[in-house]
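Look at the sequence and the model below.

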Amino acid sequence: MVRRTRLDDNECPVARSVDAIGDWWSLLIVRDAFDGSRRFGEFQRSLGVAKNILAARLRALVDGGVLASVPARDGGAHREYVLTEKGEALFPVIVALRQWGEGHFFAPGEERSRLVDRRDGRPLRPLEVRAGDGRPVAPADTVVRKPAG
């Protein structure tokens with residue numbers, strides 16, 4: 001079996017973030033958690049992923065502090081999974097992926113799920129990256145400064 005390269009000590013925040021999330025199943029689990037899924041069976045039905053893979057991804061997300069395993073709200077013996085503060089901080093990432101996907105992988109007029117403001121039912125504005133002074137920035141306006149050494 002090929003061992004996965006660990007990036008948890010990499011100097012790049014993107015690499016560490018990818019290491020923490022792991023793979024696309026994990027991002028879809030986080031997406032479903034934002035959509036209200038809490039129980040193993042809910043995630044399994046939504047994603048259609050094998051139970052052993054789902055169990056491993058949920059365990060990794062709990063170990064990584066993205067999800068917490070908590071007693072069931074109904075007092076049952078099973079556990080539920082809820083987003084932690086660290087997990088909720090992934091909301092802009094999920095929104096950015098959604099908006100990117102809407103813009104690049106759907107034909108005009110093609111049906112798709114929509115993320116809307118709960119209060120007024122309207123779509124969210126496109127995310128924008130802004131400088132510290134509030135002006136919009138594009139990739140050409142930025143530079144990565146790597147640590148010395």
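Which residues does the UniProt annotation "domain: HTH hxlR-type" cover? According to that unreviewed entry, the domain covers residues 12–109; such annotations may be inferred rather than shown by experiment, and UniProt positions are given here in the numbering of this model, with feature names shortened. The model is predicted, so local features need pLDDT of at least 70 and side-chain atom pairs count only at pLDDT 80 or more, while totals for chains, interfaces and linings use all residues. Residues are numbered from 1 along each chain as its sequence is written, and side-chain values use heavy atoms, with hydrogens and water left out.

The span 12–109 is 60% helix and 10% strand, and its end C-alpha atoms lie 38 Å apart. Helices (H or I, at least four residues) and strands (E, at least two) are DSSP runs, numbered from the N terminus.

Start with helix α2, residues 24–34. Its buried residues are Trp 25, Ser 26, Ile 29, Val 30, Asp 32 and Ala 33. Buried means under 20% relative accessible area, exposed over 50%, and partly exposed in between (1.4 Å probe, protein chains only). Seen down the axis of α2, the buried residues fall within an arc of 160°, so they line one face of the helix; the arc is that of the directions from the helix axis to the C-beta atoms. What covers them includes α1, α3, α4, β1, β2 and α6. Just after α2, Gly 36 takes a positive phi of about 110°.

In soluble globular proteins, nonpolar side chains tend to be buried together. A nonpolar core is a set of buried Ala, Val, Leu, Ile, Met, Phe, Trp, Tyr and Cys residues joined through side-chain atoms within 4.5 Å. The largest one here has 17 residues, and Ile 29 and Val 30 are among those that touch the most other members. Helix α2 gives the largest share of this core, four residues. Leaving aside neighbours within four places in sequence, Val 30 is in contact (heavy atoms within 4.5 Å) with Leu 61, Val 66, Leu 83, Leu 90 and Ile 94.

Leu 83 leads on to strand β2, where it lies. Leu 83 is buried, with a relative accessible area of 16%. Four of the five residues of β2 are buried. Strands β1 and β2 run antiparallel and are joined by five bridges; two strands pair if DSSP finds at least two bridges between them. Arg 79 in β2 is the bridge partner of Pro 71.
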